[in-house]
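Here are my notes on the model you sent over. Have a look at it first, then go through the points in order.

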Amino acid sequence: MIRRIGKRTLQFAERPFLLSHAAAVGKKEGDGPLGAQFDFVTEDDRMGQKSWELAESELQKTAIDLADDAREPPTMRRLAESLEVTPMALYKHLANREQLIDAMVDRVVADIPPPSEADGWRPVLRSRILSARGVMRRHAWAQAAIESRTAASPVVLAYMDGLMAIMFSGGLS
């Protein structure tokens with residue numbers, strides 16, 4: 001039995017016997033002397049999901065749910081407990097807690113629906129602001145998290161650009 005510890009460390013239940021060389025993968029995924037253990041070794045990376053992207057999506061969703069309950073972003077340890085993985089498994093997806101909060105903010109801002117179609121820039125701007133307010137009320141922790149970010153992500157910048165475009169279309173500069 002092989003157990004993954006950290007990013008690149010494997011722990012063997014028995015002392016491995018290697019001839020000239022060994023690999024978990026060969027020409028095809030799963031070939032090689034350790035091929036039978038390949039799925040086991042990579043399973044923790046995906047936290048039980050079918051793909052890396054689904055694992056990251058589940059990680060963000062769970063973090064947001066925990067933050068909604070606690071009114072602040074979760075610690076990496078609390079998030080790992082909730083996902084039933086080791087805390088180190090999270091670091092394959094995120095460098096640190098700040099990157100987790102950045103991902104959570106991006107997901108919340110991306111959930112703000114586009115403005116409704118209306119005549120004139122004021123009703124469109126009002127619709128956009130009320131949509132954002134509704135999302136922020138559902139996520140009480142989000143305002144403080146957004147304000148604490150040292151740099152705006154592409155998602156946040158796109159939202160801000162959209163607001164500015166609405167105001168520019170009304171003649172504001």
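1. Start with the contacts, where contact means heavy atoms within 4.5 Å. Take those in the chain between residues at least 6 apart in sequence: 55% of them join residues at least 24 apart.

2. Keep in mind that this is a predicted model, where local features need pLDDT of at least 70 and side-chain atom pairs count only at pLDDT 80 or more, while totals for chains, interfaces and linings use all residues. Residues are numbered from 1 along each chain as its sequence is written, and side-chain values use heavy atoms, with hydrogens and water left out.

3. How far does the predictor trust itself here? pLDDT is its confidence in each residue, from 0 to 100. The chain averages 81, with 73% of its residues at 70 or more. Helix 5 (residues 97–110) has the highest confidence, at a mean of 95, and helix 1 (residues 38–43) the lowest, at 46. The pLDDT is below 50 over residues 19–30, a stretch with 18 contacts in the model beyond near neighbours in sequence. Residues 38–44 are also below 50, and that stretch has 15 such contacts.

4. Now the layout: eight helices and two strands. These are DSSP runs numbered from the N terminus, helices being H or I with at least four residues and strands E with at least two. Reading from the N terminus, the order is β-β-α-α-α-α-α-α-α-α.

5. Look at helix 5 against helix 8 (residues 154–169): their axes come within 8 Å and cross at roughly 30 degrees. Axes here are lines fitted to C-alpha atoms, for helices over the stretch in contact, with angles from 0 to 180 degrees between N-to-C directions. Helix 5 brings Val105, Asp106, Val109 and Ala110 to the contact, and helix 8 brings Val155, Val156 and Tyr159. By class that is six nonpolar residues, no polar ones and one charged, with Ala, Val, Leu, Ile, Met, Phe, Trp, Tyr, Cys and Pro counted as nonpolar, Asp, Glu, Lys and Arg as charged, and the others, Gly among them, as polar.

6. What share of the 173 residues is buried? It's 30%, buried meaning under 20% relative accessible area, exposed over 50%, and partly exposed in between (1.4 Å probe, protein chains only).

7. Finally, check two loop residues. Arg71 isn't a glycine, yet its phi is positive, about 65 degrees. Arg71 sits in the loop between helix 2 (52–70) and helix 3 (76–83), and is exposed at 61% relative accessible area. Glu84, in the loop between helix 3 and helix 4 (87–90), has a positive phi near 60 degrees. Glu84 is exposed too, at 72% relative accessibility.

Technical notes:
pLDDT is the predictor's confidence in each residue, from 0 to 100.
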